[in-house]
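This report concerns the structure displayed below. Please consult the sequence and coordinates alongside the text.

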Amino acid sequence: MAQQPGTRPVFAPWNDPDQKPLIQFKNVTKRFGDFVAIDDITLDIYRREFFALLGPSGCGKTTLMRMLAGFETPSAGTIMVDGVDIAPIPPNRRPVNMMFQSYALFPHLTVWDNIAFGLRRSDMPKDQIPARVEEMLRLVRLEKFSKRKPHQISGGQRQRVALARSLAKAPKLLLLDEPLGALDKKLRQDTQFELMDIQEKTGTTFVIVTHDQEEAMTVASRVAVMDHGKMIQIDTPDRIYETPNSVYVADFIGDVNIIEGTVAEAADGKVGIDWAEGQRKIVAAASSDIAKGTRVHFAIRPEKVAIATQEPADRANVIEGTVHDIAYLGNISTYKVELPGGRMMKAQVANDRRIARREITWDDKVWLSFTDTAGVVLLN
Amino acid sequence: MNLRRLFLILTPYAWLLLFFLIPFVIVMKIALSDYAISIPPYTPTLDLSAGWEGIKSFLSELDFENFSFLASDALYYTAYFSSLKIAAVSTVLTLLVAYPIAYGMAQASEEWRPTLMMLVILPFWTSFLIRVYSWIGILSNEGFLNQFLLWTGIISEPLAIMNTQKAVYVGIVYSYLPFMILPIYAALEKLDGSLIEAAEDLGCSKMSAFWLVTFPLSIPGVIAGCFLVFIPALGEFVIPSLLGGSDTLMIGKVLYEEFFSNRDWPVASAVAVVLLLILIIPIVLFQRNEQKQREANQ
C-alpha cells in the first residue's frame with residue numbers, strides 16, 4: 001500500500017464500518033443468584049486489538065472474561081466469536097486461551113511440558129510439537145529454563161511461561177487475567193512493553209483484565225471502563241483520559257480536580273459555571289448544548305492547571321489561592337492549593353530544571369489558571 | 001540456651017529409646033532364647049549377680065535357631081506371603097473406595113466440608129473391636145445383608161461371606177478407610193481450581209483434565225494413604241480372627257497363637273522381629289515420600 005508522506009496508518013478498526021468484529025457481546029447479562037455481575041453489555045472487539053477491561057474489583061470484568069473462556073455462561077444475550085455463537089462450545093474447544101492470574105502452571109510438569117501441554121491435546125502432528133515449544137521458549141526468552149519445574153523459577157519467569165503456554169496453540173483470542181498483578185512495579189513496567197511487543201509479533205487479539213489504570217493505558221489500543229457490571233466508557237486511552245464521559249471515569253483514570261457548579265450562561269459552545277460565591281465563573285468549552293441552570297461537574301487534570309506567583313493576564317480562568325501542600329515526586333511536583341471557601345485544587349508542574357531555588361513554597365499566595373478548553377464539562 | 005536445645009533434641013531420642021529400642025532389644029533377646037517350661041517360659045535368663053561370667057555364659061546360650069525354624073516351616077513363610085497379599089489387595093480396594101469419597105469431599109462446597117470430615121472421623125468414637133464385631137451381625141448367614149438380599153429376591157441362598165477371606169477384606173477396607181480418605185482429601189483440597197480450568201482451557205476434556213492434572217497432583221496423598229493402610233493391615237490380628245475363617249492365614253494370627261496357645265515366646269518373638277524387618281521397608285519409603293513432599297512445598 002502506497003502511503004502519502006507524512007501519514008501513518010492508524011489502527012482503528014472500530015471506526016471502520018467495513019471491519020467485522022472478532023468478538024461481539026450482544027445484550028449479555030450474567031446473574032449469580034440475585035447479584036447482577038454483568039448488566040446488559042453490548043461490546044465489539046476487533047482482530048489484533050489489545051483490549052483492556054478496567055474497573056475496580058467486583059465490577060464484572062473477570063466474569064466477562066470467564067464467559068469468553070467458557071467457564072461461565074451468560075444468563076441472557078449472546079457472545080459471538082468470528083460470527084459464531086460460542087454458548088454451546090465447551091472451554092476445551094474454544095479458539096480462546098487464557099493466562100490465569102495465578103498463572104496456573106502445572107507444578108508436576110517442567111516448563112517445556114507446561115508449554116507443550118495444550119499442543120499435545122490439539123491435532124498438531126507429534127513431530128511438530130518440539131519446534132513449536134522451542135519457538136515459544138525463544139519468544140519469552142526462557143530457552144535455558146525448559147527443564148525446570150515451576151517452583152524452581154522466579155515469579156517473572158513463571159509469568160512468561162504462562163504467557164508462552166497460552167500462546168502456544170496460536171489462539172484467535174488470548175485472555176489475560178491480571179497478568180502482571182504478582183510482579184513488582186519495575187518488572188511490571190518492563191513486562192508491559194514485552195507484552196505489547198509479543199502482541200504485535202504474534203498478531204493475536206488480546207483481552208486484558210486489570211484494575212491498574214496505568215497498565216490499561218500503557219498496553220491497550222482501547223480501554224473499557226466498567227462499574228457494577230456496566231460499561232461506562234469504551235475508548236482509546238487518550239480519549240478516556242482527555243474526554244471522560246462521566247465523573248466516574250474522570251475520577252477513576254488518573255488524577256483530577258472536580259468542581260461542581262451550575263451553568264449560569266451558555267453561548268457559542270461555551271458555558272460559564274457558577275461554582276462558588278464571589279468567584280469568577282469558570283469558562284469552559286462544552287461539546288453539547290447545556291441549558292442554563294443545569295448542575296454540572298467541571299473536571300480538569302492537575303497538569304493542565306498552571307500555577308504562578310503573579311496574576312496572569314491572558315488566561316480564560318484565573319483563581320486565587322494559597323499553597324496548602326507540595327508533593328515532590330521527582331519528575332513533577334503537585335501543589336495542593338486552597339481556594340477561598342476551603343476547596344482544594346491540584347496543579348502539577350513538570351520539574352524541567354534541577355531545583356536550586358523553589359519559587360513557590362507553603363502558604364504562598366498563588367494564582368491558578370487554565371484555558372477554556374483545558375477541562376471538560378460533565379453532566380453525570 | 002544450649003541446655004534447652006539439648007533437651008529438645010534429646011527428648012524424642014529418649015522417648016524412642018525407652019518405648020521402642022529397649023522393648024525391641026527385649027523381644028530380640030527372647031527371640032534368640034530357647035523354649036523352656038518355666039516362668040518366664042524361655043531360657044537363658046540374665047543373672048547379673050553372677051557378674052561378668054554370668055553375662056558371658058548368657059550370651060553364649062543365645063542363637064538364631066528360632067529364625068532358621070521360621071525359614072524351615074512352611075506355615076510361617078506362607079503366613080508372611082499371605083499377609084503381604086491380603087494387605088496389598090485390601091490397600092488397593094481401600095484406595096478404590098476412598099478416592100471417590102475424598103474427591104467428592106474436596107468438590108463439596110466449603111460449608112459442607114467440616115461436616116463430611118466429621119462423618120469420616122465419626123467411627124473412631126466407637127471402639128475398633130466393637131465395630132469389627134458388629135460386621136459379624138451384618139455378614140453372617142443370618143446377618144442383615146443376607147436377610148436383605150433374600151428379602152429383595154436377588155439371591156435365594158444366603159451368601160457365604162462370613163469366615164472367608166472376603167469378610168477379612170470387607171473388615172480391613174472398612175476399618176482403614178479414614179486413613180486413606182484423609183491424606184487423599186488433604187492433597188485434593190489444596191489443589192488450585194484454576195489448574196483444572198487451565199487444563200480445560202488448553203484442550204482437555206473433564207476426564208483427561210482429571211487424569212493429567214488432578215490425579216498426578218494427588219499422588220503424594222495416595223502414597224501416604226496406601227502406607228497408612230498397608231503397614232497396619234500387614235500385622236492385622238483382630239479382623240482376620242473375628243471375621244476370617246480357617247482359610248485366612250495372617251501373620252498376626254500366627255503370632256497370637258504362638259504366644260498364647262503354644263506359649264512359645266521365643267518363636268513368637270522371632271515372628272514379631274521378622275514382621276518388623278518386613279515393615280521397615282514400607283516405613284522407610286513412607287518417610288521418604290513425606291520428606292519429598294515437605295521439600296517440594298518449600
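## Basis and overall form of chain B

The structure is a predicted model. Chain B contains 13 helices and 2 strands. Its radius of gyration is 24 Å, whereas the globule rule gives 19 Å for 298 residues; chain B is therefore more spread out than a compact globule. Along the principal axes, the C-alpha atoms of chain B occupy a box of roughly 80 × 70 × 35 Å.

## Packing of helix H4 in chain B

Helix H4 of chain B spans residues 74-107, and helix H10 of chain B spans residues 206-234. The axes of these two helices come within 9 Å and cross at roughly 140 degrees. Classified by residue type, the contact of H4(B) with H10(B) comprises 11 nonpolar and 5 polar residues, with no charged residues.

H4(B) also packs against helix H8 of chain B, which covers residues 165-189. Here the axes come within 6 Å and cross at roughly 45 degrees, and H4(B) and H8(B) are therefore oblique to each other. The crossing of H4(B) with H8(B) is right-handed. The contact of H4(B) with H8(B) contains 23 nonpolar, 2 polar and 1 charged residues.

## Domains of chain A

In the domain assignment, chain A is divided into domain 1, residues 13-249, and domain 2, residues 255-378. Taken over C-alpha atoms, the centres of the two domains of chain A are separated by 39 Å. The contact between them involves 4 residues of domain 1 and 5 residues of domain 2. On the domain 1 side of this contact, 2 residues are nonpolar, 2 are polar and none is charged.

## Contact between chains A and B

Chain A contributes 16 residues to the contact with chain B, and chain B contributes 14. In chain A, strand E6 (96-99) and helix H2 (111-121) each provide at least two residues of the side that touches chain B. H2(A) gives the most to that side, with 3 residues. By class, the side of chain A that touches chain B consists of 9 nonpolar, 6 polar and 1 charged residues.

## Backbone features

Chain B has a cis peptide bond from B:Ile39 to B:Pro40, with omega near -10 degrees. B:Pro40 is located in the loop between strand E1 (34-35) and strand E2 (42-43) of chain B. The peptide bond that joins B:Thr43 and B:Pro44 is likewise cis, with omega about 0 degrees. B:Pro44 belongs to the loop between E2 and helix H2 (51-60) of chain B.

In chain A, A:Arg48 is a residue other than glycine with a positive phi, near 70 degrees. A:Arg48 occupies the loop between strand E2 (35-45) and strand E3 (50-54) of chain A.

Notes: Residues numbered from 1 in each chain as written. Chains lettered and ligands numbered in written order. Predicted model: local features only at pLDDT ≥ 70, side-chain atom pairs only at ≥ 80, totals over all residues. Axes fitted to C-alpha atoms, helices over the stretch in contact; angles between N-to-C directions. Helix = DSSP H or I, 4+ residues; strand = E, 2+ residues; numbered from the N terminus. Nonpolar A, V, L, I, M, F, W, Y, C, P; charged D, E, K, R; others polar. Parallel < 35°, antiparallel > 145°, perpendicular 65-115°, else oblique. Left-handed = near helix turned anticlockwise from the far one by under 90°. Contact = placed C-beta atoms within 7 Å. Domains from an automatic or database assignment. Rg over C-alpha atoms; globule rule 2.2 N^0.38 Å.
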